[in-house]
Amino acid sequence: MSQNHHYDAVVLGGGTAGELVATGLARAGRDVALVENRLVGGESRYFACVPSKSLLLSARRGETWEMAVARRDALTGHRADERIVAGMAEEGVTVLRGRGQVTAPGRIEVDGAEHGFGDLVLCTGSEPVIPPVDGLADVPLWTSDGALAVPDLPRRLVILGGGPVGCELAQVYAAFGSQVAVVEASGRLLTAEAPFAGEVLADALRRMGVDLRLGAALSQVERKESGLRLWLSDGGTLDADRILVAAGRRPRVEGLGLETLGVATSPGHGVPVDETCRVPSSSGDVWAAGDVTGVARTTHAARYQARLVLANLLGEHRAADYRAIPRVVYTTPTVYAVGISPKQAEELGIDLLTAGYDLAATARAAVEADERGRVELYADRSRGLLIGAAAAGLYAEEWMSEIALAIRAETPLSVLTDVVHAFPTYGESVEAPLRELAGRL
Ligand SMILES: Cc1cc2nc3c(=O)[nH]c(=O)nc-3n(C[C@H](O)[C@H](O)[C@H](O)COP(=O)(O)OP(=O)(O)OC[C@H]3O[C@@H](n4cnc5c(N)ncnc54)[C@H](O)[C@@H]3O)c2cc1C
Ligand SMILES: NC(=O)c1ccc[n+]([C@@H]2O[C@H](COP(=O)([O-])OP(=O)(O)OC[C@H]3O[C@@H](n4cnc5c(N)ncnc54)[C@H](O)[C@@H]3O)[C@@H](O)[C@H]2O)c1
């Protein structure tokens with residue numbers, strides 16, 4: 001095996017988190033290599049956030065499918081990374097293309113060549129979970145990666161999973177004319193969030209003609225002469241031309257050689273990290289950022305953790321605070337959640353006070369002629385503080401940011417109730433529930 005250079009740091013995985021850490025280290029004068037076996041820029045840029053948000057916008061604008069695909073592909077740079085790699089090289093990052101695997105403390109192999117490192121930063125992201133369903137492995141499947149990189153518009157599409165991916169893509173394909181069904185094992189969409197959010201979205205999808213099969217799991221798939229036949233656990237059946245699996249993602253921790261560093265991993269779980277994003281290991285300095293940690297699987301959380309790792313590698317001591325990381329589903333209407341959800345509060349035994357408001361009561365809803373949606377705010381009775389919120393409504397991803405700040409900054413309710421919102425905005429909808437919470441605490 002050829003012996004190569006010794007780097008101050010090796011970043012394994014060149015997605016959102018890896019790109020940020022590697023570039024930051026190079027700018028600080030460190031000798032750094034970024035190892036990437038697919039495309040530098042990662043999931044978000046080519047196969048996830050950017051193409052899905054582009055298609056959702058095209059759907060809202062009423063563009064044709066051909067226009068939408070052209071726009072999506074232009075925004076993702078036609079899934080080519082040469083420009084980004086060249087930019088990183090200019091910053092001083094060495095990009096090593098190939099699959100990386102740690103072979104011993106301080107040593108990593110990339111496609112037959114071995115390199116040395118001081119620090120290791122794990123940024124390997126996550127991968128889709130394919131449920132063990134009879135016959136599913138024998139039929140052509142899409143995961144979101146596949147769906148968001150091809151020009152096909154299936155006539156009949158079944159989406160397995162009613163989480164953020166399933167809901168966003170159901171809206172995309174239904175808007176462009178596919179006959180869409182969503183099979184979701186739990187009784188509702190967006191099961192991790194407040195029930196009203198999934199209900200508002202279910203109503204929006206049904207109005208577009210989406211067939212929602214809630215509380216049913218997929219139990220068997222068979223290939224028929226003209227397409228696929230699906231059997232569900234509630235006895236129902238569906239016919240489809242294509243199945244899109246959106247049944248969750250798991251941190252990519254296997255096959256990285258982490259055992260050689262004494263890093264304990266288990267399938268389906270992220271690499272363990274402390275509050276500084278350091279990975280407990282028997283040797284050397286190992287850090288992790290992004291989906292691989294399994295902490296908060298969004299691009300903005302990956303960027304947050306990457307900035308933290310970078311600061312800590314450069315001699316600061318920064319600890320993560322995950323209390324106010326937003327969770328957004330970019331459908332129409334948007335679903336936005338931040339902080340503690342009612343389900344989490346129950347699990348944690350928090351005495352939760354809830355106050356809500358229907359967006360229909362705002363003047364903005366009348367102006368927009370769109371009365372859908374609601375906002376709910378959650379306070380911890382014992383601490384007298386706002387700790388969570390959820391909203392389903394147009395542009396909620398924009399007007400709910402002040403609530404994220406309020407949770408993160410632990411802003412007293414007496415201050416929040418004194419904030420004046422512009423008229424007529426959906427943002428006014430938080431005023432009444434804030435006053436209600438303040439009155440009940
Ligand atoms: C359909 C979809 C839509 C989404 N929409 C949003 C959204 O709107 N907003 C949002 O905030 N989040 C969204 N997400 C989540 C977001 O995409 C992820 O949280 C984000 O991409 C995580 O970044 P990362 O750096 O951790 O991983 P990635 O960007 O996946 O990067 C990991 C990289 O590591 C590489 N790699 C892995 N193992 C190795 C190895 N052994 N050797 C070399 N390279 C390796 C991979 O090829 C990959 O490029 C969406 C996800 C999906 C699936
Ligand atoms: N806008 C965003 O920020 C955004 C958008 C999309 C995805 N993401 C990220 O991507 C990750 C993955 O999203 P996801 O929607 O794939 O996963 P998820 O885990 O949120 O939802 C998967 C759903 O599939 C259902 N399911 C699983 N197996 C099933 C089966 N056999 N039959 C029927 N239903 C089944 C589950 O009950 C669950 O509701 C999320 O963690 C999210 O953070 C973020």
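Reply: Five strands make up an open sheet, in the order S8-S15-S9-S10-S11, and their pairing is parallel. Strands here are DSSP runs of E with at least two residues, helices are runs of H or I with at least four, and both are numbered from the N terminus. Two strands pair if DSSP finds at least two bridges between them. S8 (141-142) and S11 (211-214) each have a single partner strand, so one side of each has no neighbour in the sheet.

This is a predicted model, in which local features need pLDDT of at least 70 and side-chain atom pairs count only at pLDDT 80 or more, while totals for chains, interfaces and linings use all residues. Residues are numbered from 1 along each chain as its sequence is written, and chains are lettered from A and ligands numbered from 1 in the order in which they are written. The mean pLDDT (the predictor's confidence in each residue, from 0 to 100) is 97 for the protein.

Within the sheet, S9 (residues 156-160) and S10 (residues 179-184) pair in the parallel sense over five bridges. Val158 has Ala181 in S10 as its bridge partner. Helix H7 (residues 164-175) packs on the sheet and touches S9, S10 and S15 (242-245). Contact means that C-beta atoms, placed from the backbone, lie within 7 Å.

H7 is also packed against by the buried residues of helix H3, as is helix H4 (65-75). Those buried residues include Leu55 and Leu56; buried means that 20 or more other C-beta atoms, placed from the backbone, lie within 10 Å of a residue's own.

Terms used
Two residues are in contact if their C-beta atoms, placed from the backbone, lie within 7 Å. Axes are lines fitted to C-alpha atoms, for helices over the stretch in contact, and angles run from 0 to 180 degrees between N-to-C directions. A residue is buried if 20 or more other C-beta atoms lie within 10 Å of its own, exposed if 12 or fewer, and partly exposed in between; C-beta atoms are placed from the backbone.
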